[in-house]
Every structure is written in structure tokens, then in C-alpha cells.
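Hi everyone, thanks for coming. Let's get the model up on the screen and walk through a sheet and a few charged pairs.

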Amino acid sequence: MKNTKFVYADNAATTRVSTEVLEAMLPWLGDGYGNPSSIYQKGREALQTLNRAREQVAAGIGAEADEIYFTGSGSESDNWAIKGVSQMMAAKGKKHIVTTAFEHHAVLHTAGALEKQGIAVTYLPVNGNGVVKVEDVAAALRDDTALVTTMYANNEIGTIQPIGEIGALCREKGVLFHTDAVQAIGNVEIDVKARRIDLLSLSGHKLHAPKGVGALYIRKGVPRFPNLIEGGGQERGRRAGTENVPAIVGLGRAMELATTGIAQRAARVSRMRDRLIAEILKLPCTRLNGDPKKRLPGNVNISFEGIEGESLLLMLDMNGVAASSGSACTSGSLDPSHVLLSIGLIHEVAHGSLRISLGGDNTEQDVDHILAVLPGIVEKLRDMSPLWDRIVAEGA
């Protein structure tokens, strides 16, 4: 008998486009088809709504509208910021950047590409709870350091980093600071000025806007660095390509909604998260990954000894629960999560991880359903696992 209950608990991978966002977008998918670069009325109307969305995005992070540049994704924003700054500063003799070992691959792979071009990269460790130490950042800075880049909150284990302290350190030392805030937007209050952030990446589809749209905040005063995409004069000459007006309108509206009432929404989602964690950890041989307090409101990441994460996900799906074993970008890989390895998990334990990421659409009934089906699935998979038999025997 097919299960009729469905719980979407993978909001860290993507979110559904909200009704309010879709309604804002629809006119620009129909009659509002003008090119923002055109000078006639339809073009001017498109440009006006583009500028309105820019104001909405800026307001959500405490920035100014002319500090916001629209991109195609958070990954593009990361690439542009890191490659652009590195290229600019390398010309001045600064050929070193600092990041962490558990960044999103949009940052790690970009750093790896820069290493092949002669840029030195320091990959800082994180502690067992998945938090980078500010003193480690300070110790890594050199006379030729061009950039520090660290995520605001981790996409897999949800840990929130000491961004304000790192930003203050970088400002004091005259080093540019970039943060990938894709997971943090709408979950925590962000003020780029107060936290001394020079560059910030964000993505629409993590906050109920459509896929394929993002933005890069570039603080006024940051020297102009090379473009990632060359061509026309869009985005004030810094990002070529006709703007995706409907998606940008959606991003603007989504930012308004996501950054309003954060505290109340976070408190409600955190209560559901804490209940899930407490109940799941009652199962034997389980562990919470990430800091128990410094974590995103909806993030639950737990490892189950003796089972394989992919099997767990498939059986959850059969029981109406959509979750993840890591980031969506690596879900097709059989390699254990680099994030979980970075906090000290061995391969066998890292393979048995489950990420549940709740959002504002989730309810207590969703939590009830997860807790109703998960223990039985874990027990069934362990009964089938020779690894579990060994674990039990060793613990006897």
C-alpha cells in the first residue's frame, strides 16, 4: 500500500517557490517581457522592477542597492568573488587566500583551480563541532594574504560561524573578507556593515525563490576586480547577460519575506529541530553532527552506526519522507561527506549520516511522521547489516 503522507525535509537542498513569490513573478513571465537594457516603455518598466528587487535584496542584509549584483546562482557568486579578488590582488603581489576545509564545493573547487594558477591556499580545520576558530584565522594571515572566505553557516551540519569576529579581524588587518551566506539568509539576522563583510554570496532557491538566480554583495570601497562573465553592459558593466527579470523579481520578494520575522520563525523551527534531535538520539549508537547550539534552526544531522545513508534515504522516501545524506551537490557520490570527515568522523560512521532540514512550511505533524517511521527503518537496516552485528559484538 502506497504511503499517502509526504514530508519534505530537505530545505537545505532547495525550497518550493512560495505562492507570494510566484504571484510576484507571473506578470514578468507574461506581458512584462521587456529587456531592461531597452529605452522604450516596456524596457523601462523591466528596469524599474529590477531596481526594486535590488533594493529588496539589499535591505535584507543591511546593504545599499548599488552594492548588489544579480547572478545565476550562489556558486557563480562564489566563483566571481574569489576568482575576481584573487586575480586583482595577485597583480599587487598578494597571492594567498584563506578558507576552511568544510566549505561548499563552489568554494573548495574554486580554491583548487586557483592553486593551479599559482595562488597559495590555506585550508583551516574546524573543531569537532564544526566551527572555525578565529585565532586559527588570525594565525593563517600573511603579508601576502588577499582574501579570507568562509561560509556563514554550513550546508550539511548547519553550524554557524563567528562571522562578525572574522570580519572585524580581516578589516583590522586590511584583508578582504567574503562569506558564502547561501544557507544563512532567512535563517539568521545578517547585517553586512556590522559584521564587516566585504563580499557576500546568496542564492534564491534556498529561500523560496526559483532556481537559477543569485546575487553577490560587493561593499562600496572594494577595488573593482575582474568580471567572471564578459559581454554586454548589464549589471552596471560587471556581469554580462540579459537579466532574468522574473527570477530576480522572485528573489526580491523572497528576500522580503525571508528576512521579516526571522526571530519568531527561527524559534518555531528550532523547537521542531530540538524535538527531532532529542528523540532520534534515543536510538542506540547515534550521534549529532555539528554544534548543538550554534546551528541553523532547521538543521538536524545525525549519524547512525551500522547502516548506509543511501539505503536510509531510499526507505525514508518509500515512507513519504524526503531528506538527504549530505549536500545535494554530492548526493550521487559514494564518497563520504568531506564535511563529516573534517569534524573527525571515520568513513563508516560518515557513510551512515542523515540530514533533515526543516523550514517554515514544516509542521509538528511532519515531525510526528518522521519520528513514527525512522526508528523502524533504522532497526530494519541494522538487522540486515553485518557491520551492525560486529558493532554489537564489540560492545558486548
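So, how many bridges join strand β6 to strand β7? Three, and the two strands, residues 176-180 and 199-203, run parallel. One spot to look at is histidine 178, which stands opposite leucine 199 in β7.

Quick housekeeping. This is a predicted model, where local features need pLDDT of at least 70, side-chain atom pairs count only at pLDDT 80 or more, and totals for chains, interfaces and linings use all residues. Residues are numbered from 1 along each chain as its sequence is written, and side-chain values use heavy atoms, with hydrogens and water left out.

A word on names: helices (H or I, at least four residues) and strands (E, at least two) are DSSP runs, numbered from the N terminus. Two strands pair if DSSP finds at least two bridges between them. In general, strands of a sheet pair through backbone hydrogen bonds, either parallel or antiparallel.

Now the whole sheet. It's open, has seven strands with mixed pairing, and the order is β2-β8-β7-β6-β5-β3-β4. At the edges you find β2 (68-71) and β4 (120-124), each with a single partner strand, so one side of each has no neighbour in the sheet. From one strand to the next, the twist averages 20 degrees. Helix α3, residues 74-90, packs on the sheet and touches β2, β3, β5, β6, β7 and β8; contact here means heavy atoms within 4.5 Å. The direction of α3 makes about 160 degrees with that of β7. For those angles, axes are lines fitted to C-alpha atoms, for helices over the stretch in contact, and angles run from 0 to 180 degrees between N-to-C directions.

On to salt bridges: a side-chain nitrogen of Lys or Arg within 4 Å of a carboxyl oxygen of Asp or Glu. By that rule there are 18. In one of them, glutamate 256 meets arginine 52, with the closest N and O atoms 3.0 Å apart. Glutamate 256 is in helix α8 and arginine 52 in helix α2, 204 residues apart.

Another pair is lysine 220 with glutamate 64, at 2.7 Å, N to O. They sit in loops, 156 residues apart.
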